[in-house]
Amino acid sequence: MSLSTRAIAGIAGVVVVGAASLGTGIYWANDAGKPRENVATMVVGTSTTTAAPFCYNDGKPLDEDYLTKCLSDIKQARKDDKLPKLDVRASDRIGVGVPRELADKGWFALTNGGSSGQVPLAGGAEGEVLTGVTYSGSKSAGALMSSNDVTSVTVVSQDKSSQEYYAVWAFDLDNKSS
């Protein structure tokens, strides 16, 4: 009699654990299909990473004070090694993508490489803002890398006509020798 009671208790335990696992799985599956809002994507070779904007104000323009604080916060996050990061070699190709809504407003991306300390990854050297384009295309990493151990990448959503800023993303690339 006690053996069947143990068996029933064991089956009940499995049913409870199974139901809990199923419930968690359904929750995860339901949540997994939802994209994170305004995520930018950094591509290096065959590796990618994504990030929500470091600075964003629910689609409203960023005022000067908020933007200044945000850039200071990015600098601190970079110092604390808390930014999304990928390894990069001079032989790699680098690209960056932004969400359609912000691409339609306008955007550009820069690295801290080159002799001037600023190289366009997307957009032009004269401050050209891309509109309607969601991906920068692949660029040679050798021309974009800084001479330091880390290359910083800053992606900015800026309205081409009003010049107002809407979002800022930050990534770091760990420079590796080929």
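## Pairing of strands E5 and E8

Arg93 has Ser140 of E8 as its bridge partner. In this predicted model, strand E5, covering residues 93-97, pairs with E8 through two bridges in the antiparallel sense.

Both strands belong to an open sheet of four strands, ordered E2-E1-E5-E8, with antiparallel pairing. Strand E2 (47-51) and strand E8 (139-140) lie at the edges with a single partner strand each, so one side of each has no neighbour in the sheet.

Strand E6 spans residues 107-111 and is mostly covered, as five of its five residues are buried. Trp107, Ala109 and Thr111 point one way from E6, whereas Phe108 and Leu110 point the other way. Residues on either side of the strand are buried.

E6 pairs with two strands described here. With strand E9 (residues 150-158), the pairing is antiparallel and involves five bridges; Phe108 stands opposite Val156 of E9. With strand E7 (residues 119-122), E6 also runs antiparallel, joined by three bridges, and Thr111 has Val119 of E7 as its bridge partner.

## Overall architecture

The protein contains three helices and ten strands. Their order along the sequence is α-β-β-β-α-β-β-α-β-β-β-β-β.

Of the protein's 178 residues, 35% count as buried. Among contacts with a separation of 6 or more, 69% involve residues 24 or more positions apart. The protein exposes about 10,500 Å², of which carbon and sulfur atoms supply 54%.

Methods: Residues are numbered from 1 along each chain as its sequence is written. This is a predicted model: local features need pLDDT of at least 70, side-chain atom pairs count only at pLDDT 80 or more; totals for chains, interfaces and linings use all residues. Side-chain values use heavy atoms; hydrogens and water are left out. Buried means under 20% relative accessible area, exposed over 50%, partly exposed in between (1.4 Å probe, protein chains only). Contact means heavy atoms within 4.5 Å. Accessible areas come from the Shrake-Rupley method with a 1.4 Å probe; for residues, only the protein chains shown count as cover. Two strands pair if DSSP finds at least two bridges between them.
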